[in-house]
Amino acid sequence: MNKIILITGATSGFGKAIAEKFASEKWNCIITGRRADRLHEIADELRNKYEARVLSLVFDVQQKDEVFNQLTNLPDEWKNIDILVNNAGLALGRDSFDTASLQDWDTMIDTNVKGMYYVTKAVLPIMTARKQGHIFNIGSTAAKEVYANGNAYCASKHAVNALSQSMRIDLLPYHIKVTCINPGAADTEFSVVRFKGDEEKAKTVYSGYTPLYADDVADTIYYCANLPAHVCINDLVMTCTAQANSFYLHKEG
Ligand code: NDP
Ligand code: 8X3
């Protein structure tokens with residue numbers, strides 16, 4: 001029987017690429033996101049292109065009741081989730097601590113932190129009962145260094161890092177692997193969302209160098225997911241070659 005992966009935030013960027021990678025390798029994919037049309041279109045694409053089995057679930061990870069309602073009532077053939085990828089997330093704004101919007105801060109914390117632990121708590125009973133599973137949490141270089149005007153986004157990703165460590169310790173008796181993937185700048189819809197639809201501003205983030213692409217992250221997760229049962233990559237920072245960390249990014253031209 002094919003294995004099952006659940007990927008949150010699969011309507012674009014990393015999540016979509018991860019779904020495509022695993023579907024192409026014959027995994028059964030549960031994909032989630034808020035934009036229903038996009039999500040269902042992607043599900044159809046994966047079915048047509050790879051003959052993959054795909055279940056698409058529309059919910060907002062910030063809504064605790066929705067998360068639990070959807071994930072604790074999965075059809076029997078979708079219950080035994082082998083891999084959970086906590087990927088849904090966003091940055092909103094790049095403003096100084098004194099002027100940044102409280103609403104943006106709440107949304108980032110509610111999505112990146114609380115959404116992650118709601119989804120994990122909803123899925124975990126399946127993994128602990130089976131004494132197996134692999135949880136991937138998408139952190140960031142912003143989980144490692146705090147940069148100017150990064151405030152709540154950096155805080156949310158530091159929390160992802162801390163919660164990943166906590167999960168790893170507490171879930172040891174259940175043989176559950178926990179891998180925190182921390183990418184640097186990657187060309188997805190991330191910056192368009194961060195700059196609230198300002199495409200020009202978003203484009204400048206990725207100009208003058210070759211950034212990471214979503215497929216790079218998907219391939220890395222696929223690699224980590226296919227190591228022998230006794231091996232776990234706990235924490236992985238990946239950047240494009242032009243970037244050293246949150247502070248050093250070499251641009252040309
Ligand atoms: P995208 O904007 O392309 O994708 C974000 C995904 O998250 C979308 O599918 C979106 O779906 C989903 N999402 C956002 N908010 C919610 C919500 N409340 N409920 C459910 N789904 C939600 O960005 P990326 O692919 O780049 O980002 C994926 C993750 O990677 C994020 O956690 C981000 O912080 C992190 N990251 C990104 C980096 C980058 O430079 N791109 C680098 C390091 C980390 P929908 O809108 O349909 O709900
Ligand atoms: C996204 C990368 O540099 O905008 O997590 O924080 S960065």
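Guide: The account below turns to the ligand site and then to the cavities.

This is a predicted model, in which local features need pLDDT of at least 70 and side-chain atom pairs count only at pLDDT 80 or more, whereas totals for chains, interfaces and linings use all residues. Residues are numbered from 1 along each chain as its sequence is written, chains are lettered from A and ligands numbered from 1 in the order in which they are written, and side-chain values rest on heavy atoms, without hydrogens and water.

Ligand 1 takes up the space of the largest pocket. A pocket is an open set of points on a 1 Å grid over the protein atoms alone, with protein on both sides within 12 Å along at least five of seven lines; a molecule sits in one if more than half of its atoms lie within 2 Å of its grid points. Around ligand 1 are 30 residues, the closest being T11, S12, R34, Y153 and T188, where a residue counts as near if one of its heavy atoms lies within 4 Å. By class, this shell comprises twelve nonpolar, 13 polar and five charged residues.

A backbone N or O atom of V61 is 3.0 Å from a nitrogen atom of ligand 1. Helix 1 (13-24), helix 5 and helix 6 (190-194) each give two or more residues to the shell; helices are DSSP runs (H or I) of at least four residues.

The structure also holds two cavities of 30 Å³ or more, a cavity being a set of grid points where a 1.4 Å probe fits but cannot get out, lined by residues with an atom within 4 Å of a point. The largest cavity has about 80 Å³ of space. Its lining numbers 13 residues, with N86, N87, A88, N112 and M116 closest to the centre. Helix 4 (102-130) contributes most to this lining, with five residues.

The second largest cavity contains about 50 Å³. Among its 14 lining residues, L92, G93, D95, M108 and N151 lie nearest the centre. Helix 4 again gives the most, here three residues.

Methods
Points joined across faces, edges and corners; volume = space filled by probe spheres on them. Polar contact = N/O pair within 3.5 Å; in protein donor to acceptor, adjacent residues only side chain to side chain. Nonpolar A, V, L, I, M, F, W, Y, C, P; charged D, E, K, R; others polar.
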